[in-house]
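Reader: I am new to reading structures, and I would like to go through this one step by step. Could you take my questions in turn?

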Amino acid sequence: MKTIEKERSQIAANIHDGPVQQLTALGFAVDRCMLRLHRGQSEAVRILLEDFQQELSSSITGLRQVMGDLRPPILDEGGLVEALRDFLAAVELRTGMQCTLVDRLREPIDGDAETELYRVAQEAVTNVVKHAFASEISVMLLGIGGGVSLVVEDNGCGFDPRRLGFANDILVRTGHFGLALMRERVELFGGRFEMATRLGAGTAVRAWVPVQNDDGPLSRRTIMQEVS
Amino acid sequence: MATLERQAPRIVVADDDPHVLKALTMLLEEGHYDVVGTATDGPSAVDLIVESKPDVAIVDFRMPNMTGVEVAEAFTRASAEVPIIVFSAYDDAGIQSAARGAGVAAYLVKGCRAAKLFATIDEVLARRAEV
């Protein structure tokens, strides 16, 4: 659970560094208005209020981003595929990377599995954007037997595959928090997480999570082989 | 008839958030305090306080490299006479207790109103004058 606790402290840090600071600054600005009103400087107050409008919009944007990071509303309204489509469109717009979503799900999946897979996709894509120097990202969803597989691939620089064998506490200590978090999330959900990479040859993240299905689950080994 | 004007208290402000630093500086100036310098991390705040010898320093709790409480500790250890007001987003009893232990002159929670900020500064300055 250490990694998930670390994720929570990251969310707390984001709230501390973003909305709390912006609202603190805004509170001071309101106090400046009050001081000026006491001095009868109403025109100066009007100018300050115009500035606040802009700062307030920026605070609302910051809070919306925190909300979206915690739980994107589209995940509840449109499901995993729509949420991923939306997320990838935003990444493409922001970074210029070519993002592709391949949906091979045969039926809708339950809410908890959707959330886990969305989180893993979000983390994997964020890692690509931050570290991979890639120009293309592909995200694929496959319904396999008793579960769903998510595959995130990029054409970036890859990394030393020996790092993949590290235990989660070592990954966290050495700054590879995202990789540890994805693995922990999927394993806590009873799923399986794998990565394949090579220096200069991109990276593939594969996560499988079980979902309720009348067909009965396939063995995990078979599922991972099928995804490969 | 000549009037005696109070000399504006000289203040150093340190915060790593540029919005807060700017807004706090402007508010203090509006309240007739003289902001003699600003810093955006702990070590720079220490250097600035040593250099400019302000009447009081207002230091954010969470800053890169050094917290506001560590800044206060550095001055307590050196028996320096600059009182430090720690200004923090955390309304947390544990942090406040650590701040008191480190010799912080006052602890203010972000979101407080200007009246409270000004009153705290004036109170710290009055205590300093008594000493």
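Author: Let us begin with a term: two strands pair if DSSP finds at least two bridges between them. Please keep in mind throughout that this is a predicted model.

Reader: In which sense do E4(A) and strand E5 of chain A pair?

Author: The cut-off for pairing is at least two bridges, and E4(A) and strand E5 (residues 203-210) of chain A are joined over 6 bridges. Within this part of the sheet, Glu194(A) stands opposite Arg206(A) in E5(A). The sense in which E4(A) and E5(A) pair is antiparallel.

Reader: Which helix packs on the sheet and touches E4 and E5 of chain A?

Author: The helix in question runs in a direction that makes about 150° with that of E4(A). It covers residues 177-188 of chain A, and its name is helix H6.

Reader: What is the order of the strands in the open sheet of chain A?

Author: Chain A has 7 helices and 5 strands, and the open sheet is built of 5 strands with mixed pairing. From one strand to the next, the twist averages 10°. Read across the sheet, the order is E1-E2-E3-E5-E4.

Reader: Why is one side of strand E1 and of strand E4 of chain A left without a neighbour in the sheet?

Author: In the order E1-E2-E3-E5-E4, these two strands are written at the ends. Strand E1 (98-104) and strand E4 (192-197) of chain A stand at the edges of the sheet, so one side of each has no neighbour there, because each has a single partner strand.

Reader: What angle does the direction of helix H3 of chain A make with that of E1(A)?

Author: Helix H3, which spans residues 73-95 of chain A, packs on the sheet and touches both E1 and strand E2 (136-144) of that chain. Its direction and that of E1(A) make an angle of about 170°.

Reader: Which helix gives the most to the side of chain B that touches chain A?

Author: The contact between the chains takes 12 residues from chain A and 15 residues from chain B. By class, the side belonging to chain B has 7 nonpolar, 3 polar and 5 charged residues. The element that gives the most to this side, with 7 residues, covers residues 18-30 of chain B and is helix H1.

Reader: What ipTM does the model score?

Author: For chain B, the average pLDDT is 88, and 93% of the residues score at least 70. The model as such scores a pTM of 0.65 and an ipTM of 0.78.

Key:
Residues are numbered from 1 along each chain as its sequence is written. Chains are lettered from A and ligands numbered from 1 in the order in which they are written. This is a predicted model: local features need pLDDT of at least 70, side-chain atom pairs count only at pLDDT 80 or more; totals for chains, interfaces and linings use all residues. Two residues are in contact if their C-beta atoms, placed from the backbone, lie within 7 Å. Helices (H or I, at least four residues) and strands (E, at least two) are DSSP runs, numbered from the N terminus. Ala, Val, Leu, Ile, Met, Phe, Trp, Tyr, Cys and Pro count as nonpolar, Asp, Glu, Lys and Arg as charged, and the others, Gly among them, as polar. pLDDT is the predictor's confidence in each residue, from 0 to 100. Axes are lines fitted to C-alpha atoms, for helices over the stretch in contact, and angles run from 0 to 180 degrees between N-to-C directions.
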